[in-house]
Amino acid sequence: MTFALQWLDLRAPADDAARDAALIAALADWAAQRTGGEPLRIVDLGAGAGATHRALAAHLPGAHWTLVDHDPALLAEAARRTGARTRQADLSRDLEDVLAGADLVAASAFFDLVSAAWLDRFAAALPPGAAVHAALTYDGRETWTPAPPDDGEAQDAFRAHMRRDKGFGPALGGDAPAALAAALGGARRVTAAPSPWILTEKDRALIEALSDGAAQAVAETGALTDARLSGWRAARRMAARAEIGHCDLLALPLADA
């Protein structure tokens, strides 16, 4: 699954505003207190054009980054923007090899796309001392103001569509934050924090893009007639405010917590 650069750039301001600053600070403290003198080795999963690097690099000075994605065009743009090392990989096949040697695994808006089985593989493949910072994982909660007609039925259809296979098996969608916390909780101290998008008039282009994309997904489910779907989409595009639920998570190795 690939994402257009235009979409990644459109969502970037909302992502940056939503990221939980306290978890980033806790991650920076952990990294600064590590012993051994070796640079922190960071693997960024689903790196896209380098948004995670942009958000975290200043807090983790001297780290060695590897930005991993399946899309070579996005990786080329990420390399141009960040100067970091990149690696093209299929994370449905190459996961264990990609994670080997990592001190920190980071990702943004990624874990809601994977399956429960893939998440089990991820947890099992993490190096024992590695930390995880997962930002902006969709949690399934959306509030649009004013509420569009047929919103409950349409949102149910959208959440069902999100669970379709994105290349990693049936996607977790809104269940991803809880599933990730459970998968990592045995060997790590897990802290989670809400990181919702709060969208207003200044985010009109993003509101409209979200509305159009969600309408396309709902259309593929057949849950609404064309007329009801058109009304729902139009009302969403005109929303004065939208809150889109996400969750940030930091998992630190117990020995280092």
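How many aromatic pairs does a search of the whole structure find? I got eight aromatic pairs; rings of Phe, Tyr and Trp (its six-membered ring) pair if their centres lie within 6.5 Å.

Ground rules: this is a predicted model, where local features need pLDDT of at least 70, side-chain atom pairs count only at pLDDT 80 or more, and totals for chains, interfaces and linings use all residues. Residues are numbered from 1 along each chain as its sequence is written, and side-chain values use heavy atoms, with hydrogens and water left out.

Entry on one pair: I looked up tyrosine 138 and phenylalanine 158, which pair edge-to-face, 6.4 Å centre to centre with 90° between the planes. Planes over 60 degrees apart count as edge-to-face, under 30 as stacked and the rest as tilted. Tyrosine 138 belongs to strand E5 (residues 131-145) and phenylalanine 158 to helix H7, 20 residues apart; strands (E, at least two residues) and helices (H or I, at least four) are DSSP runs, numbered from the N terminus.

Entry on a cluster: I found Phe110, Phe111, Trp118, Phe122 and Phe168 linked by ring pairs.

Entry on a charge: I saw the charged end of arginine 34 over the ring of tryptophan 30, 5.8 Å from its centre. That term needs NZ of Lys or CZ of Arg within 6 Å of the ring centre and within 35 degrees of the ring normal.

Entry on burial: I noted that tyrosine 138 is buried, at 5% relative accessible area (buried is under 20%, exposed over 50%, partly exposed in between, with a 1.4 Å probe and protein chains only).
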